[in-house]
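Take a moment to turn the model around on your screen. Then follow the chain with the paragraphs below.

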Amino acid sequence: MTNGTATPTDLDTRLEAHRTELTGYCYRMLGSSFEAEDAVQDTMIRAWRSYDKFEGRSSLRSWLYRIATNVCLDMLTAGNKRARPMDLTESTPLAQAALTPRPDNTWLEPMPDARVLPTTGDPAEAAIAKESVRLAFMAALQQLPAKQRAVLILREVLAWKASEVAELLGTSVASVNSALQRARATLAERKEPGADATVSDPLDEDQQKLLDRYVAAFEGYDMSALTALLHEDAVMTMPPFDLWLTGVGDITGFMTTLGAPCAGSRLVPVQVNGLPGFAQYKPDPEKGGFSPWAVQVLEISDGRITGFHCFLDTQRWFPLFDLPLHLEAETDQVEQGA
């Protein structure tokens with residue numbers, strides 16, 4: 001299999017150079033960390049197998065995006081839309097709280113920044129990339145039909161020209177512009193919880209102090225201190241459970257009742273979905289030390305925490321973030337993995 005002078009090793013290197021950005025694209029399309037990585041792997045295999053037919057009429061990057069788009073559109077034909085708990089149910093008062101799980105394929109999934117955000121020297125480009133993987137934006141994307149989703153991502157996030165998108169999708173520029181208008185209108189009608197989350201890159205001094213206070217409050221399980229950090233309308237979610245809570249009273253009330261076993265936890269910083277987050281390790285009464293409990297994603301606005309999202313399927317998430325599955329009792333922190 002040859003094309004020009006490319007050797008198998010050269011081709012592997014050229015394909016791998018695009019893996020991170022393709023994973024980010026597929027993640028935005030699919031809303032699933034693992035499906036995105038599967039889609040990229042499928043893309044790489046298809047590219048490898050058909051490279052001898054690639055005639056260089058477009059760039060290798062454009063060709064890979066065309067393959068990845070087709071893979072994602074095929075995966076989305078079932079019509080499944082990844083969701084957050086607030087997309088599926090009403091907020092539950094603490095007195096009625098019940099932990100009802102739903103299947104894994106229901107949920108919008110978290111993703112380590114390092115797997116989807118390519119390194120760039122352009123601060124504005126980096127900021128757009130981070131904003132485009134935040135949970136609120138990802139949830140909004142899930143409301144769009146698959147082709148509108150592709151158009152919006154390619155035009156608004158990746159800054160492709162309408163003519164380039166039209167060529168990729170095998171359609172007209174007018175069709176692309178129409179799809180983009182409809183997608184923008186749909187997003188404008190929706191007010192996703194967490195859409196106002198604002199964090200600088202890197203974190204400014206006030207934001208870092210807020211996170212330091214949060215770690216102290218959570219690890220100390222100090223509800224008074226935590227109350228001072230939460231916005232009055234803060235939201236807490238816990239996939240795979242469809243329960244979600246609104247307001248400081250219900251959140252701290254949950255943490256001291258159903259969530260009481262989390263007292264004494266340890267938090268390890270992670271970069272997740274363009275936002276600050278933590279891997280939470282809960283005390284392990286059987287083995288000693290601490291066992292994985294959740295990947296927390298925090299949304300911050302106006303100096304307060306507005307969103308507190310805990311992804312509990314640790315056997316899936318902790319390996320994804322290159323995090324250990326146990327902390328020794330004397331270990332308060334580990335090196336950040338992802």
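R102 forms a salt bridge with D242, and their closest N and O atoms are 3.0 Å apart. A salt bridge here is a side-chain nitrogen of Lys or Arg within 4 Å of a carboxyl oxygen of Asp or Glu. Side chains of opposite charge can pair when their charged atoms come close. R102 lies in the loop between α5 (85-88) and α6 (113-116), while D242 is in strand β2, so the pair ties together parts that are 140 residues apart in sequence. Helices (H or I, at least four residues) and strands (E, at least two) are DSSP runs, numbered from the N terminus. D242 is buried, with a relative accessible area of 13%. R102 counts as partly exposed, at 31% relative accessibility. Buried means under 20% relative accessible area, exposed means over 50%, and partly exposed lies in between (1.4 Å probe, protein chains only).

A word on the source. This is a predicted model, where local features need pLDDT of at least 70 and side-chain atom pairs count only at pLDDT 80 or more, while totals for chains, interfaces and linings use all residues. Residues are numbered from 1 along each chain as its sequence is written, and side-chain values use heavy atoms, with hydrogens and water left out.

How many salt bridges does the structure hold? There are 14. One of them joins the side chains of E21 and R61, at 2.9 Å from N to O. This pair also links distant parts of the chain: E21 is in helix α2 (residues 19-30) and R61 in helix α4 (residues 60-75), 40 residues apart. E21 counts as buried at 18% relative accessibility, whereas R61 is partly exposed at 31%. E16 and R19 meet in a salt bridge too, at 2.7 Å from N to O. A network of salt bridges links E35, R82, D104, E109, D313 and R316.

Now go back to β2 and look at its sheet. It is an open sheet of 6 strands, in the order β2-β1-β6-β5-β4-β3, with mixed pairing. Two strands pair if DSSP finds at least two bridges between them. β2 (241-246) and β3 (266-272) stand at the edges with a single partner strand each, so one side of each has no neighbour in the sheet. On average, neighbouring strands are turned by 20 degrees against each other, direction ignored.

β3 is mostly covered, with 5 of its 7 residues buried. It runs antiparallel to β4 (residues 275-283), and 7 bridges join the two. V270 has G277 as its bridge partner in β4. The two strands form a hairpin with 2 residues between them, and N273 in the turn has a positive phi of about 50 degrees. β4 and β5 form a hairpin as well, with 6 residues between them. Here Q280 stands opposite A294 in β5. Of the 12 residues of β5, 11 are buried, so this strand is largely enclosed by the rest of the structure. β5 and β6 run antiparallel, joined by 7 bridges. L298 stands opposite F308 in β6.

What lies across these strands? Helix α12 (residues 205-219) lies across β3, β4, β5 (290-301) and β6 (304-311), at about 140 degrees to β5. Axes are lines fitted to C-alpha atoms, for helices over the stretch in contact, and angles run from 0 to 180 degrees between N-to-C directions. Contact means heavy atoms within 4.5 Å.
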